Amino acid sequence: MTAIVLVSHSEDIAQGTKSLLAQMAQNVTVFAQGGTNGEIGTSFDDIQQTLTSLEEDAICFYDIGSAEMNLDMALDMYDGEYRVEKAAAPIVEGSFTAAVKLSVGSSIDETLEELKNNFTK
């Protein structure tokens, strides 16, 4: 299956979104990376550590500004064996859509296509 990685400036947003996804798609693994040292912000090192711990393919969602920048850097440095993609979709709505799609057996490509169709104009 494919996992979901959430990268937010806020630990509350990341954990709250993870809780929402767990209620709707219990069989989808979700990693929440939010805040840094109890404060608002993102950390390249924390994101990179999350990516290197993956045990399956993953779709990554982010909120604003440096979350995308740090995620991009972590993706550029990622040399693991799994496919890891950045989604161009809102962190809550997009990850919700992806979780539901993945939970019914859709592939990473089918899920990315669904996100593209729903969130790209």
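Q: Where does N37 lie?
A: N37 lies in the loop between β2 and α2. Helices here are DSSP runs of H or I with at least four residues, strands are runs of E with at least two, and both are numbered from the N terminus.

Q: What kind of model is this?
A: This is a predicted model: local features need pLDDT of at least 70, side-chain atom pairs count only at pLDDT 80 or more, and totals for chains, interfaces and linings use all residues. Residues are numbered from 1 along each chain as its sequence is written, and side-chain values use heavy atoms, leaving out hydrogens and water.

Q: Back to N37. Buried or exposed?
A: N37 counts as exposed, at 77% relative accessibility. The cut-offs: buried is under 20% relative accessible area, exposed is over 50%, and partly exposed is in between (1.4 Å probe, protein chains only).

Q: What about the phi of N37?
A: N37 has a positive phi of about 55 degrees, although it is not a glycine. Most residues other than glycine have a negative phi.

Q: And S43, where is that found?
A: S43 is in the loop between β2 (30–34) and α2 (44–52). S43 is buried, with a relative accessible area of 15%.

Q: Which residues is S43 in contact with?
A: T36 and N70, leaving aside neighbours of S43 within four places in sequence. Contact means heavy atoms within 4.5 Å.

Q: What lies 3.1 Å from a polar atom of the S43 side chain?
A: The backbone nitrogen of D46.

Q: New topic. Which residues of α5 are buried?
A: I108, T111, L112 and L115 are buried in α5. They sit on the same side of α5, because they cover an arc of only 100 degrees around the axis. The arc is that of the directions from the helix axis to the C-beta atoms.

Q: What do the buried residues of α5 pack against?
A: They pack against β1 (2–8), β3 (57–62), β4 (84–86) and α4 (91–103).

Q: At what angle do α4 and α5 pack?
A: About 140 degrees, with their axes 10 Å apart. Axes are lines fitted to C-alpha atoms, for helices over the stretch in contact, and angles run from 0 to 180 degrees between N-to-C directions.

Q: What comes after α5?
A: T120 lies in the segment after α5. T120 is partly exposed, with a relative accessible area of 43%.

Q: How many residues apart are T120 and A88?
A: They are 32 residues apart in sequence, and 7.4 Å apart in space, C-alpha to C-alpha. Leaving aside its neighbours within four places in sequence, T120 is in contact with A88 and L115.

Technical notes
A polar contact is a pair of N or O atoms within 3.5 Å; within protein, one must be able to donate a hydrogen and the other to accept it, and residues adjacent in sequence count only if both atoms are side-chain atoms.
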